[in-house]
Amino acid sequence: VLEDDSEDTNLRFVTCQSLWNEIKSATEQIQEDLNQQLFDNLVSFLRQSHSEFQEKTTEWTCQMKSREIPTAALVLGVNVTDHDLTFRSLSEVLQNTVTPYIAFLEAKDCPGIKNLMQKLMGQLMNCYVDVDSPEDEDCVQVSQNRIRCSMTSLINWYNSVTKKTDSETPRKKRTSSSRHWQSPPVVVVFKDMESFSTEVLQDFIVISSQHIHELPLILIFGIATSPMIIHSLLPHSVSSLLCIELFQSLSSKEHLSTIIDKLLLTAQFPFKLGEKVLQVLINIFLYHDFSVQNFIKGFQLSVVEHFYTQPLSILCCQLVEAKNRVNSLSHNQCENIRRLPSFRRYVESQASEKQIALLTTDSYLKEIIQELLEDLHVYHENYVSVLRCLHVFTSSLPKYPLGKQIRELHCACLENQVWETEEYESSLQLARMLNKSDLVTMLQRCVEIFVSSSGKEFDKTVEKLKEFLTQFQKLEAEAFQEQDVSVSSQKELQKTDLYHLQKTLLELKESRRSKKLTKFEMLRFEVVDFIDSLVRNYLVPADHKTLHEIVYFNTASVLREHLNAAPRIALHTALNNPYWYLKNQALKSDGGSISNKVPDICIVYKLHLECGRLINLMDWLEAFSTVVMAAEGPNADAASSDQVDDVIHARFIQAVSELELLGFIKPSKQKTDHVARLTWGGC
């Protein structure tokens, strides 16, 4: 364990907290920007629907249409764990701009129409409570308990609260009108529509449609799968009562790509994820839950683990601050730096005199550390720009040898020297066959990337790329001049007879086999070779850089242990060896013996491991009783033993019930006094 004192621990904690607050605010801003378009469209739909309700008309067609309930089908994707955050953001937007009357319903709270109405009215009445008037609050609470939960009661409540709002003082009225619409709609959000029973939805929609001319109701269906679920759950007679408009949120993959682009592929934040750690987080996202929130939590765990386990993480901050902290490093901290593998490699590459100074003189070491930290910062700035440039080329190649997403390319570059891989070689070969229009477009995008880059070493690179673009324009001008000549030669070929035509074509074929590269082909080779040189110079793997341990978190095993849950293994460990979790010395057992000091469920579990497919409950009880009574003396009297048997019997029944609840056994239909075992193997 590396040495550090309490002062460093406090500084690491403050640095960690400050860094995570910056990252958290950045992620919240990203998510707000990504959802902005969706929320704007929803508000526009609500405004249009509400304006139709406010128009007073007596035409029969309009009255028929007024039976339709405006409904927004909000397709959010299968990443269900992210839906709560989206609904919270939506609630804030609607409450700030549209209406205070919003209710969020979940299927687990609404098994019947009565429960749904109770939940709906409870939420709506609570949202109207005025903080400045406690008397009204009491009145609302009492009325909520006394009134019958029906649509008529809801309409009466709505009319009363809207009249109260209209009769407020002008000042209050102006304040409310600036935030909410006049006679604001009642928005009911079904957060998990797929989970609602068909009967509950049908009843609510039919009842609501009969009162829609009295209550401005708008429904929002939260859908995880497909909009077709609406027609699967509701018959045509009910779905025809809904005026449905579809809204599609950004896919979770696009959301993740934006998060990675803004958080990881930037020099704004000093903390970085190693290749294995990033791969673990991406694999959990792709193969488990598609949850961006869980990815961010994994990222947060990485930040905390890095600052907790790495004493030198006090230097994982902005460059200016890091340089100042280097000057105040203690001798122990300097020794910690000397122990870093990357720094030891750096020392071994220096001359002998410099080696001695680095290993013995702290002041000289601090000067070198400042230079190395600056080199690391410049490396990150340059790395991101060149990585984006390489991705411009590789993302449009057939079959995507280096991956379609920039995160795949980033992982490949972190893992090893990417130019030594077969995928990179095949990418270069494909790039050497790109057509002129694609190549020019890619070069223009690369110029934009390097111009907007914070790296200071790319001025010559931009000049070289612009020079390539100029040469392509010259080639295009020359091609127009040669076009007339080729057209005239084709006309001459058309005038010849069949023999001369065949002879001419054979000559052309032979000349193409032995011809030299055209100017365009030579220029294309130059462009690809230039990009290759940038890759070799700037996309060196991070673990080849000195002091990378300070800013990179590479302990993937810790992350995998915390995030890749294995409940069955954890259950087996807890039941087979409770000491592992409880750390009670009395629970330590020798080998395969069963101690009577462990919890009853542990005894029952160990005994059930020794049985076959069917377990005789009587034999199991006798074995359990034998283990439990092992500590009892042989001279116990009969009366006390009968009393103990009843207690043991009760304990056994409880332990078996708990084991059944955990899914290890189930009742057997073959024999009434047996249970069937459901799990096999050590875990």
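1. A salt bridge is taken here as a side-chain nitrogen of Lys or Arg within 4 Å of a carboxyl oxygen of Asp or Glu, and a search of the whole structure finds 10 of them. The model is predicted, so local features need pLDDT of at least 70 and side-chain atom pairs count only at pLDDT 80 or more, while totals for chains, interfaces and linings use all residues. Residues are numbered from 1 along each chain as its sequence is written, and side-chain values use heavy atoms, with hydrogens and water left out.

2. One of the salt bridges joins the side chains of Glu321 and Arg325, at 3.1 Å from N to O. Both residues lie in helix H14 (residues 319–327), 4 residues apart, or about one turn of the helix; helices (H or I, at least four residues) and strands (E, at least two) are DSSP runs numbered from the N terminus. Glu321 is partly exposed at 37% relative accessible area, whereas Arg325, at 14%, counts as buried (buried means under 20% relative accessible area, exposed over 50%, and partly exposed in between, with a 1.4 Å probe and protein chains only).

3. Another salt bridge links Glu374 with Lys323, whose closest N and O atoms are 2.8 Å apart. Because Glu374 belongs to helix H18 (residues 362–394) and Lys323 to helix H14, this pair ties together parts that are 51 residues apart in sequence. Glu374 is partly exposed, at 35% relative accessibility, and Lys323 is also partly exposed, at 24%.

4. Where does strand E1 (residues 69–75) lie, enclosed or open? Of its 7 residues, 7 are buried, so E1 is largely enclosed by the rest of the structure. In a regular strand the side chains alternate between the two faces of the sheet. Both faces of E1 are covered, with Ile69, Thr71, Ala73 and Val75 buried on one side and Pro70, Ala72 and Leu74 buried on the other.

5. Strand E1 runs parallel to strand E5 (residues 242–248), to which 7 bridges join it, and Thr71 stands opposite Ile244 in E5. Two strands are said to pair if DSSP finds at least two bridges between them.

6. Ile337, in helix H15 (residues 331–339), is buried, with a relative accessible area of 0%. Leaving aside neighbours within four places in sequence, Ile337 is in contact (heavy atoms within 4.5 Å) with Leu312, Leu315, Leu329, Phe343, Ile369 and Leu547. The C-alpha atoms of Ile337 and Ile369, which are 32 residues apart along the chain, are separated by 8.9 Å.
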